[in-house]
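Subject: Structure handover

Hi,

Here is the structure you asked about. Please open it first, then read the notes below it.

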Amino acid sequence: MFKDLFRKPKYVTVHADTVKKDMPDGLWQKCPNCNEILYAKELEKGLKTCRKCGGYFRVGARERVKITVDEGSFVETDAGLLSTNPLGFEDYPAKVAAAVEVTKLNEAVVTGEAVIGGNPVIIGVMDNNFIMGSMGSVVGEKVTRAVERAIEKNIPLIMFTASGGARMQEGVISLMQMAKTCGALARLHEAGLLYITVLTDPTTGGVLASFASMGDIIIAEPGSLIAFTGPRVIEQTMKIKLPEGFQTAEFMLDHGLVDMVVARADLRNTLIKLLDLHMTGGNANAQHYA
Amino acid sequence: MPSIMLEFEKPIAELEAKIEELKNFSSEQGIDLAEEIKIMQAKAEALKKEIFGKLTPVQRVTIARHPERPGTLEYIKHIFEEFIELHGDRYFGDDRAVIGGIARFRGVPVTVIGHAKGKDTKENLARNFGMPNPEGNRKALRLMEQAEKFGRPVFTFVDTPGAHCGMGAEERGQARAIAVNLTRLMQLRVPVINTIIGEGGSGGALAIAVGDRLMMLENSVFSVISPESFASILWKDPTRAQEAVEAMKMTAYDLAELGIIDEIVPEPLGGAHRNPEEIAARLGDYLKKNLDSLKEMPVAEMLQKRYEKFRGIGQFISG
Ligand SMILES: [Zn+2]
């Protein structure tokens, strides 16, 4: 039992930066888990999953939308919101500009309206490649607007999270986005609307300690790092060595902190099933028994 | 006078020691030095005004972390007529980094929740240096909901370096505990007044810092992460912590300017620890004033205003 608790996760996440370093032309990518050389185009088709060992490569926000929603149904909202430099922090604007360049996104979350298996939803997807998916003013604002839009349209909200935590360069303003997003979610909850969160690799810090943890149903992608305090910080601060598998999606499941761990290939179908069970436009049962 | 002097207070301490010496000399030798002593006392006062009158952010951090700085326990003792402590989260344990209970405030029953640090090593270990585990946050939640049930206003006193980061905290859902508190505090149907009295560190602080009014004692600090961690994460250099203090804008004055907090409670010259009774009396008055302004407000209006207060935090442009 105890051994089982800390078992080595079956799925291992492959970090994009290590892949890039090894593979200069991007045509081929090596799976560091099993060292299998994979043709990049084949990876795209296969949900960024290693065909040999089943390990996952991280998925960017746009790709995630594409593999999740009904084809052509996504309409992006608030794409034009841009970060400022509220604390006048040296290098921050340059860092944002570089992230925009690399990801072709304006910020670390993409939000919009979409249809999943015929069910209209509001969807938000974070992108870890944008300053580690950290939450600053824009992420907080876009997530809050997504929640408010779900309330306004009376439809479910689905959030895919991937974040290193707070956007340090925005100081306490970034911290306060936790309260802001949770305040909006309190209203979503009062409106009786379904909220599903899908925690992907990595979901940590202030994002996990706010909107990521407030789903009616919390799903985690296999092998994802899910942590309030990251493992390196715990090991340094507490001067301990963490057991293997600590703070993985499977660990979260074992500790009762997520509802289920769902393989990437099954994720869309699972969402459709859940949406169907709650019926489009909120929760018909809740209205019936009100 | 505080028994622990901070680095920048040394000139004052030296002068005060000299005055003490003169006084002793005068009484032992029977020589009248009243004039000289008076001059030196005036000099000491002027020096205090000069040094304490323009404290740097780094100096304020050292005051915020001063071992003799009054904490939640002192404020409970001085501000409230009576206090009954309540323990436990009803799930796992009683986290002594968070203290809570029912108090009487100028005749009115209120719920009080605050972080508690220790005064010595033994108490600090027992209270985990004021760093809550999930149980502390869940105890706070239980007491907030109890306050709502009985229509009691909630006062919180924030004083933590941050939420505890350990294996147990992760296993028992620290993140979820914080998220639930943030969500419930936004809906709590009683007035909630939060005061940062010392250190307000990250999500651990925020978990009891959401409400209708957010006050900061003049020399307290509030930040997304400790300046030490900020420097090591962003600059890979923990020795640049002092620089981080400036860059992070974590003082009460900085945060009032950024519109994060509603009010600054002035401290006695040199910091709250130099006169705990004075700061407690003033904080009591500020709590009273804010409570009075919320007391008559219809609940729906209060919750709407609370929502808008947090809704408006964030800076961005619409491109
Ligand atoms: Zn592989």
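Start with the second largest pocket, whose volume is about 400 Å³. Its lining is made of 22 residues, and those closest to the centre are B:His66, B:Pro67, B:Lys117, B:Gly118 and B:Asn124. Three elements of chain B give two or more residues each to this lining: helix 4 (72-79), helix 5 (121-126) and strand 5 (192-201). Helix 4 of chain B has the largest share, with 3 residues. By class, the lining of this pocket holds 9 charged, 7 nonpolar and 6 polar residues.

A word on confidence. This is a predicted model. Chain B has an average pLDDT of 95, and 100% of its residues reach at least 70. For the complex, the predictor reports an ipTM of 0.95 and a pTM of 0.92.

The largest cavity has a volume of about 150 Å³. Its lining counts 20 residues, and A:Arg58, A:Val59, A:Arg64, A:Thr200 and A:Asp201 are nearest its centre. At least two lining residues come from each of strand 8 (119-126), strand 9 (157-163) and strand 10 (195-204) of chain A. Strand 9 of chain A contributes the most, with 3 residues. The lining of the largest cavity splits into 7 nonpolar, 7 polar and 6 charged residues.

Then the metal. Which atoms coordinate the zinc ion? They are the SG atoms of A:Cys31, A:Cys34, A:Cys50 and A:Cys53, at 2.3 Å. Along the chain, these donors follow the spacing C-x2-C-x15-C-x2-C. The site of the zinc ion is tetrahedral, and the angles among its 4 donor atoms run from 104 to 113°. For reference, the ideal angle for four tetrahedral donors is 109.5 degrees.

Are A:Cys31 and A:Cys34 buried or partly exposed? A:Cys31 has a relative accessible area of 0%, so A:Cys31 is buried. A:Cys34 comes out at 21%, so A:Cys34 is partly exposed. The cut-off matters here, because buried means under 20% relative accessible area.

That covers the pocket, the cavity and the zinc site.

Best wishes

Note on methods:
Residues numbered from 1 in each chain as written. Chains lettered and ligands numbered in written order. Predicted model: local features only at pLDDT ≥ 70, side-chain atom pairs only at ≥ 80, totals over all residues. Heavy atoms only, no water. Donors = N, O, S within 2.8 Å, 3.2 Å for Na, K, Ca; no water. Tetrahedral: all angles 85-135°; square planar, octahedral: opposite > 155°, others 65-115°. Buried < 20%, exposed > 50% of the residue type's maximum accessible area, 1.4 Å probe, protein only. 1 Å grid on protein atoms, 1.4 Å probe; cavity = no way out; pocket = protein on both sides within 12 Å on 5 of 7 lines; lining within 4 Å. Points joined across faces, edges and corners; volume = space filled by probe spheres on them. Helix = DSSP H or I, 4+ residues; strand = E, 2+ residues; numbered from the N terminus. Nonpolar A, V, L, I, M, F, W, Y, C, P; charged D, E, K, R; others polar. pLDDT = per-residue confidence, 0-100.
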